[in-house]
Amino acid sequence: MGPSVELEVSMQGKLEVRRPEIRLNELSRVALAEFLSTYVMMTLGLGSVAQVVTGEGGKGTFFSINIGFGLAVAMGVHIGGTVSGAHMNAAVSFALCVFGQLPWKRLPLYIFAQLLASFLAAATVYGVYYDAIYTFSGGNLTVTGEKATAGIFATYPAPYLSVFGGFIDQVFGTAILLLCLMALSDEKNKPAAKGTESMFVGVLVVLIGISLGSNSGYAINPTRDLGPRLFTAVAGWGLDVFRAGKFWFWVPIVATPIGAVLGGGLYKVCVQMHHPAPSEQYQEKDNSEE
């Protein structure tokens with residue numbers, strides 16, 4: 001009898017086929033869940049950008065990109081939320097390490113899974129929209145200009161934005177992201193109701209895009225930006241993807257982890273650290289009822 005299939009005859013004389021379970025260790029499960037959640041999120045998010053760009057405004061707007069990325073994040077949370085946490089963002093993973101909510105030894109695993117997934121998601125969208133991209137660009141893959149297509153995959157600053165201004169933009173946007181994520185998960189405050197977490201995280205991403213997205217495309221995520229940028233560098237856009245915007249590429253990598261720690265730390269200092277102990281809560285409740 002082969003090792004892959006076990007045959008068992010039941011008491012009723014029926015033949016049952018049982019397949020052995022594939023059991024992965026915890027790190028493997030975390031890595032696969034983080035990879036898949038990030039891959040789906042990035043594929044759907046970048047796909048929404050590709051549709052708008054190649055459709056030349058006839059198949060969506062900047063608002064539809066915001067909605068697309070928000071819903072994509074929500075789907076990613078559903079896919080990996082209870083296994084890896086579905087960070088899908090190295091800045092989130094880094095901040096959780098700083099705050100002691102994720103072991104530092106796991107940070108490289110998360111970053112690798114997120115980076116690989118983002119790279120492959122960019123390759124997938126490129127393949128799906130290959131004809132559209134080449135029709136729109138006339139076969140000339142450029143980073144800047146009216147027919148630029150590199151922005152489908154990675155973020156680039158608006159022409160008016162300075163490097164310093166862009167750095168502040170990314171620090172602030174990521175800080176808002178982490179501050180709100182901390183609030184949504186704070187069991188002693190007003191967390192999202194069980195089962196609605198993904199929806200509220202998606203709404204948060206939409207809100208950040210609507211309010212803070214026009215300066216540079218609100219990367220607020222280093223792996224979301226670097227993975228697709230690396231793909232475009234080898235897929236035909238060349239090293240201009242690093243030179244554009246006064247060498248903009250390093251800003252989402254450096255600014256977002258700083259913003260994540262600042263935003264998460266601000267919530268902890270202003271709110272989370274001051275929650276009363278359970279005994280104090282009961283005492284306050286009793287006093288209010290007297």
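Before we go on, a word on the source. This is a predicted model, where local features need pLDDT of at least 70 and side-chain atom pairs count only at pLDDT 80 or more, while totals for chains, interfaces and linings use all residues. Residues are numbered from 1 along each chain as its sequence is written, and side-chain values use heavy atoms, with hydrogens and water left out.

Now the overview. The protein has 11 helices and two strands; helices (H or I, at least four residues) and strands (E, at least two) are DSSP runs, numbered from the N terminus. Along the sequence the order is β-β-α-α-α-α-α-α-α-α-α-α-α. Of the 290 residues, 44% count as buried. Buried means under 20% relative accessible area, exposed means over 50%, and partly exposed is in between, using a 1.4 Å probe and protein chains only. Among contacts between residues at least 6 apart in sequence, 73% join residues at least 24 apart.

Back to Ile210, please. Ile210 sits in helix α7, and it counts as partly exposed because its relative accessibility is 48%.

How do α2 and α7 cross? The axes of α2 (residues 62–80) and α7 (residues 197–212) come within 8 Å and cross at roughly 155°. Axes here are lines fitted to C-alpha atoms, for helices over the stretch in contact, and angles run from 0 to 180 degrees between N-to-C directions. The two helices are therefore roughly antiparallel; angles under 35 degrees count as roughly parallel, over 145 as roughly antiparallel, 65 to 115 as roughly perpendicular and the rest as oblique. The contact includes Phe62, Phe63 and Asn66 of α2, and Ser198, Val201 and Ile210 of α7. By class, this contact of α2 with α7 has 11 nonpolar, six polar and no charged residues. For those classes, Ala, Val, Leu, Ile, Met, Phe, Trp, Tyr, Cys and Pro are nonpolar, Asp, Glu, Lys and Arg are charged, and the others, Gly among them, are polar.

Next, compare another pair. The axes of α4 and helix α8 (residues 222–235) come within 8 Å and cross at roughly 50°, so α4 is oblique to α8. Among the residues that meet here are Ala122 and Tyr126 in α4, and Arg224 and Pro228 in α8.

Which residues have the most contacts inside the largest nonpolar core? They are Phe69, Phe153, Leu177 and Trp237, in a core of 52 residues. A nonpolar core is a set of buried Ala, Val, Leu, Ile, Met, Phe, Trp, Tyr and Cys residues joined through side-chain atoms within 4.5 Å. The largest share, seven residues, comes from α1. Leaving aside neighbours within four places in sequence, the contacts of Phe153 include Ala122, Tyr126, Arg224, Pro228 and Trp237.

Last stop: Trp104, in the loop between α3 and α4. Trp104 is partly exposed, with a relative accessible area of 47%. Beyond four places in sequence, Trp104 is in contact with Phe94, Cys97 and Val98.

Terms used:
Contact = heavy atoms within 4.5 Å.
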